[in-house]
Amino acid sequence: MSSEYDDLKRRMDGAIAAFKHDLASLRTGRASSNLLDAIQVQAYGTTMPINQVANVSVPEPRMISVSVWDKSMVGAVDRAIRESNLGFNPIVDGTNLRIPLPELNEQRRKELVKISHGYAENARVAVRHVRRDGMDFLKKAEKDGDISEDDHRKRSDQVQKLTDEMIGTIDHLLSDKEAEIMQV
């Protein structure tokens, strides 16, 4: 069971890592280079992540700087940022783009909190799916005679405890992000 337990833990940790990545991409009014991670740029006949055609940095709390490596790609990067539905209007300065972040209004903050709750629910569902897989494995092992009923009960309790721990982690991350979003 140890290797199965480790596999379940690894998969649940993966769900939490994906949740952290989703939360990092939410704009909270504070600049972060993660805000542009999802943007894809049409470059050299293919679609590439923005970090493969430019350096993304945060020189000030309310400013993101994008330094495009190839001068011919500046227009494509500018277009990709404007069309990303993030509400950014980059200022082109040679091969650099400066992206000022406006203050968030109350309505947008509440909308971001709802989005973060959706991300949290998706992460909880992913953890529960992993739990279900673990429980199914234990039922099959008991049915096949590989483990006893007592072992099945003990290991089921371990899986449930791990699940509760991971859900608690998700709830803690969500409350931290909510506080960050609602901070004026």
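Visitor: What should I know before we start?
Guide: This is a predicted model, so local features need pLDDT of at least 70, side-chain atom pairs count only at pLDDT 80 or more, and totals for chains, interfaces and linings use all residues. Residues are numbered from 1 along each chain as its sequence is written, and side-chain values use heavy atoms, with hydrogens and water left out.

Visitor: How many residues are in the largest nonpolar core?
Guide: It has 26 residues. Met12, Phe19, Val127, Met166 and Ile170 have the most contacts inside it. A nonpolar core here is a set of buried Ala, Val, Leu, Ile, Met, Phe, Trp, Tyr and Cys residues joined through side-chain atoms within 4.5 Å. Buried means under 20% relative accessible area, exposed over 50%, partly exposed in between (1.4 Å probe, protein chains only).

Visitor: Which elements give two or more residues to that core?
Guide: α1 (2-24), α3 (106-143) and α4 (149-182). α3 gives the most, with nine residues. Helices (H or I, at least four residues) and strands (E, at least two) are DSSP runs, numbered from the N terminus.

Visitor: What is Ile170 in contact with, beyond its neighbours within four places in sequence?
Guide: Ile16, Phe19, Ala120, Ala123, Arg124 and Val127. Contact means heavy atoms within 4.5 Å.

Visitor: What lies apart from this core?
Guide: Another core, of 23 residues. Val74, Ile81, Phe88 and Leu97 are among them.

Visitor: Switching to charges. How many salt bridges are there in the whole structure?
Guide: The search finds 13. The criterion is a side-chain nitrogen of Lys or Arg within 4 Å of a carboxyl oxygen of Asp or Glu.

Visitor: Which residue does Arg11 meet in a salt bridge?
Guide: Asp133, at 2.6 Å, N to O. Arg11 is in helix α1 and Asp133 in helix α3, 122 residues apart.

Visitor: How exposed are those two?
Guide: Both ends are partly exposed. Arg11 has a relative accessible area of 31%, and Asp133 has 28%. Asp133 also forms a salt bridge with Arg132, with the closest N and O atoms 3.4 Å apart.

Visitor: And Arg124, what does its side chain meet?
Guide: The side chain of Asp171, in a salt bridge of 2.7 Å, N to O.

Visitor: Is Arg124 buried or exposed?
Guide: Buried, with a relative accessible area of 14%. Asp171 is partly exposed, at 33%. Arg124 and Asp171 also belong to a network of salt bridges with Glu121 and Arg128.

Visitor: Now the sheet. What is the strand order?
Guide: β3-β4-β6-β5, an open sheet of four strands with antiparallel pairing. Two strands pair if DSSP finds at least two bridges between them. The edge strands are β3 (54-60) and β5, each pairing on one side only. On average, neighbouring strands are turned by 25 degrees against each other, direction ignored.

Visitor: How many bridges do β5 and β6 pair over?
Guide: Three, in the antiparallel sense. Ile91 stands opposite Arg98 in β6.

Visitor: Where does α2 lie?
Guide: Across β4, β5 and β6, at about 15 degrees to β6. Axes are lines fitted to C-alpha atoms, for helices over the stretch in contact, and angles run from 0 to 180 degrees between N-to-C directions.

Visitor: Which residues of α2 are buried?
Guide: In α2 (residues 74-82), Val74, Ala76, Val77, Asp78, Ala80 and Ile81. The buried residues of α2 pack against β1 (40-43), β4 (63-68), β5 (91-93) and β6 (96-100).
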